[in-house]
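Here's a quick briefing to read with the model open. Have a look at the structure first, then go through the points below.

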Amino acid sequence: KQWYQRRVAITAGEDVIKNLKRQHDEAITVLRKDSERHAKELQIKYEKKMKLLREELELRRKTEIHEIEERKNGQINTLMKNHEKAFSDIKNYYNDITLNNLALINSLKEQVEEIKKKKVPTATLR
């Protein structure tokens with residue numbers, strides 16, 4: 001009879017231990033699932049933040065590139081205007097020199113003609 005009672009007590013103790021292990025395993029499973037869910041939520045949250053940051057930085061980069069291109073185009077236009085003015089000034093300068101030289105040549109030709117006319121009558125008088 002004692003042996004039977006001990007055996008019943010041992011079996012009851014083993015059942016309690018089995019139940020405690022099962023409850024413990026269930027609690028660990030619940031905790032693991034909660035932890036995995038929380039980790040997934042954090043991952044999704046930070047992936048969204050990363051995507052927004054990338055989009056913001058890409059927009060900022062495009063805006064800066066556009067501003068730089070606008071400044072570059074403005075500088076190119078300014079240089080072209082300056083070069084066109086300088087070219088026009090040089091062209092006008094050399095045109096003026098050419099016109100002055102042509103006028104001088106014509107004037108000298110006229111003087112030569114007058115000198116020749118004056119010499120011709122004196123030569124015919126002799």
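Let's start with the charged side chains: Asp34, Arg37 and Glu41 are tied together in a network of salt bridges. Keep in mind that this is a predicted model. Helix 1 covers residues 2-125, and the points below keep coming back to it.

**Salt bridges**

- A search through the whole structure turns up 6 salt bridges.
- Glu56 and Arg60 make another salt bridge, at 3.1 Å from N to O.
- Here again the spacing is 4 residues in helix 1, so Glu56 and Arg60 are about one helical turn apart.
- Glu56 has a relative accessible area of 42%, which makes it partly exposed; Arg60 is also partly exposed, with a value of 42%.
- Further along, the side chains of Lys85 and Asp89 form a salt bridge of 3.1 Å, N to O.
- Lys85 and Asp89 are 4 residues apart in helix 1, so they too are separated by about one helical turn.
- Lys85 counts as exposed because its relative accessibility is 53%, with over 50% being the mark for that class.

**Nonpolar patch and aromatic pair**

- On the surface, Ile90, Tyr93, Tyr94 and Ile97 make up a nonpolar patch, and together they have about 420 Å² of accessible area.
- Ile97 belongs to helix 1 and is partly exposed, at 30% relative accessibility.
- The structure has 1 aromatic pair.
- That pair is Tyr93 with Tyr94, arranged edge-to-face: the centres are 5.1 Å apart and the planes make an angle of 75 degrees.
- So both tyrosines of the pair turn up in the patch as well, and the arrangement counts as edge-to-face because the angle of 75 degrees is over 60.

**Asn95 and a distance along the chain**

- Asn95 lies in helix 1 and is partly exposed, with a relative accessible area of 38%.
- How far apart are Asn95 and Gln111 in space, C-alpha to C-alpha? The distance is 24 Å, for a separation of 16 residues in sequence.

How values were computed
Residues numbered from 1 in each chain as written. Predicted model: local features only at pLDDT ≥ 70, side-chain atom pairs only at ≥ 80, totals over all residues. Heavy atoms only, no water. Patch = residues over 30% accessible without salt bridge, like charges linked within 9 Å, V, L, I, M, F, W, Y side chains within 5 Å. Areas by Shrake-Rupley, 256 points an atom, 1.4 Å probe, with all protein chains shown as cover. Salt bridge = Lys/Arg side-chain N within 4 Å of Asp/Glu carboxyl O. Helix = DSSP H or I, 4+ residues; strand = E, 2+ residues; numbered from the N terminus. Buried < 20%, exposed > 50% of the residue type's maximum accessible area, 1.4 Å probe, protein only. Phe/Tyr/Trp six-rings, centres within 6.5 Å; stacked < 30°, edge-to-face > 60°.
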